[in-house]
Amino acid sequence: MQKLITIFFKVPELQRKILMTAMFLAIYRIGFYIPLPIVDQSALADWQEQIRQQAFGKVLGMAAMFGGTQIGMSTIFGLGIMPYISASIIFQLLGSVVPQLEALMKEGESGRKKINEYTRYATVAICLVQSAMWIRFVQTLDYIPVQYKDFFPYGFICVLIMTTGTVFLMWIGEQIDEYGIGNGISLLIMAGILASADDAIFLLASGFTPRLTGDAEKPYSLIVTGLLLALFIAVIVGVIAITESQRRIPTQSAKHVRGRRVYGGTRQYLPLKVNQAGVMPIIFASSLLMFPFFIFKGLASSTASWLVAEDVAGWKVAIARFFEAGLDAFQSQAYIYTIFYIGLIYFFCYFWTAITFNPKDMADNLKDYGSFIPGYRPGRRTAEYLEKVMLRITFVGAAFLSLVAVIPSIVQGALAQAGTSVEPVITSFLGGTGLLIVVSVCLDLVQKIDSHLIMRNYTGLMNRR
């Protein structure tokens, strides 16, 4: 490690990129300690501690994790980077169905710049809507002083501040892409997830006891702690294995005779990633499942009085109980929620792979370069074969993503039945989606650093020799 650090600072360009990236990430984290002008910070801390234990807090925590922010979201960077991610996803999906956007994507650099411009405009619109909804919600809570309960002008000013904060984060991500190293938006999300690592470690350490059984003050016994750490290591190993796994399709290049020399005829491989969709299916599924929770929560709150009233029709009581059952079903540890979660992950895995992987274009490219897959004719037969292979390996990738996504709920439910209550922040970080995102981003960052080192004849970080 000391040798690698020495190498970093021997390469001026790599040193500059790493320091620039660290500076931008530091600015990003500082913004989370700058509150909105209408917030009472001491009351906010108490509210966060109370809401963290509730189902509503778990949903907010999941949304905050994907956006690189935190529960409460009442700082200048409260919305995080999620509005920009949402806008990018929208245009990525529209690019496959809208001919004008598809034509822009094929224009190269000029088309990409135009789509990025549209994405920025959409980000601002999404920020205005989300921040207005959030400010209207927080103005009903106790950590907002009474004199700041009016939306105009106090709430409107906060909407502009939060929108500006997200636009600034978007700019930071682009600066990291240009002057730093790694994917800027992914690094921002990773930094937000790692910021909660100290909470998970502190809670685990404060509740640890070296005995085989825990108690009310020290619930995390030696067995429970060992299980959580083993889960942490297993998820890291599994994420690395699946992320690096490839299905290598053998290809053969055609022979060309020019004069007395024979060119081509070499045997190569076409690598297909097992997890082609990355973490996008989990983000899609989690975001989509938030809507039923909030819908049932609002309906259950509006019909709660029907259950306690005396002279209420039976159908009203049945409807109120149905809304309460729906609210319970879509909490994080409910079986119905888990079934829907796994189903949506599978659906979005295939959906996102179908958008990003085009077997027809790949078959045409092989044909244009004079290569073919042995046993399959170039063109349609090759495209059908590639599509069949991708469908099979996507099933494996979706199964792994589903397992990682539901591990925190499974572990927490199993330990709860055994009489040990584990904080959600511990299980979600030590063995869940957050860890999947962190490891995936770290692997991408290491590969970027490797490319700089290998170009200058240094040994890479991931040297397998």
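**Ground rules**

I number residues from 1 along each chain as its sequence is written, and I leave hydrogens and water out, since side-chain values use heavy atoms. The model is predicted, with local features needing pLDDT of at least 70 and side-chain atom pairs counting only at pLDDT 80 or more, while totals for chains, interfaces and linings use all residues.

**Entry 1: overall counts**

I looked up the secondary structure first. The protein comes to 18 helices and 5 strands. Both are DSSP runs numbered from the N terminus: helices are H or I with at least four residues, strands are E with at least two. I then looked up burial. Of the 465 residues, 43% count as buried. Buried means under 20% relative accessible area, exposed over 50%, and partly exposed in between, with a 1.4 Å probe and protein chains only. Next came contacts, meaning heavy atoms within 4.5 Å. Among contacts between residues at least 6 apart in sequence, 70% join residues at least 24 apart.

**Entry 2: α14 against α16**

Two packed helices are described by the angle between their axes and the distance between the axes. I took helix α14 (residues 335–356) and helix α16 (residues 380–417). They pack at about 155°, axes 9 Å apart. The axes are lines fitted to C-alpha atoms, for helices over the stretch in contact, and angles run from 0 to 180 degrees between N-to-C directions. α14 and α16 are therefore roughly antiparallel. The cut-offs: under 35 degrees is roughly parallel, over 145 roughly antiparallel, 65 to 115 roughly perpendicular, and the rest oblique.

α14 passes α16 in a right-handed crossing. Right-handed means the near helix is turned clockwise from the far one by less than a right angle, left-handed anticlockwise.

Which residues of α14 and α16 meet? The α14 side includes Tyr335, Tyr341, Ile345, Cys349 and Thr353. The α16 side includes Met390, Leu391, Thr394, Phe395, Ala398 and Gln417. This contact divides into 15 nonpolar, 5 polar and no charged residues. Here Ala, Val, Leu, Ile, Met, Phe, Trp, Tyr, Cys and Pro count as nonpolar, Asp, Glu, Lys and Arg as charged, and the others, Gly among them, as polar.

**Entry 3: Thr353 up close**

I picked threonine 353, found in helix α14. Its relative accessibility is 5%, so it counts as buried. Leaving aside neighbours within four places in sequence, threonine 353 is in contact with Gln276, Ala277, Met390 and Thr394. I also checked threonine 353 against leucine 391: 38 residues apart in sequence, 8.9 Å apart C-alpha to C-alpha.

**Entry 4: α15 against α16**

Helix α15 (residues 359–368) and α16 pack at about 130°, with axes 8 Å apart. They are therefore oblique to each other. Their crossing is right-handed. Pro359, Lys360, Met362, Ala363 and Leu366 of α15 make the contact with Thr382, Ala383, Leu386 and Glu387 of α16. By class, I have 6 nonpolar, 1 polar and 2 charged residues in it.

Phenylalanine 400 lies in helix α16. Is phenylalanine 400 buried or exposed? It counts as buried, at 13% relative accessibility. Not counting residues up to four places away in sequence, phenylalanine 400 touches Gly238, Val239, Ile242 and Leu436.

**Entry 5: Ser371**

Serine 371 is found in strand β5 (residues 371–372). At 13% relative accessibility, serine 371 counts as buried. Beyond its neighbours within four places in sequence, I find serine 371 in contact with Gln252, Ser253 and Leu366.

**Entry 6: cysteines and a cis bond**

How many disulfides does the structure hold? I find 0 disulfides, taking a pair of cysteine sulfur atoms within 2.5 Å as the criterion. Cysteine 158 is buried, at 0% relative accessible area. Cysteine 442 counts as partly exposed, at 31%.

Last, I looked up a cis peptide bond. It joins phenylalanine 152 and proline 153, with omega about 5°. Proline 153 is placed in helix α8 (residues 151–179).
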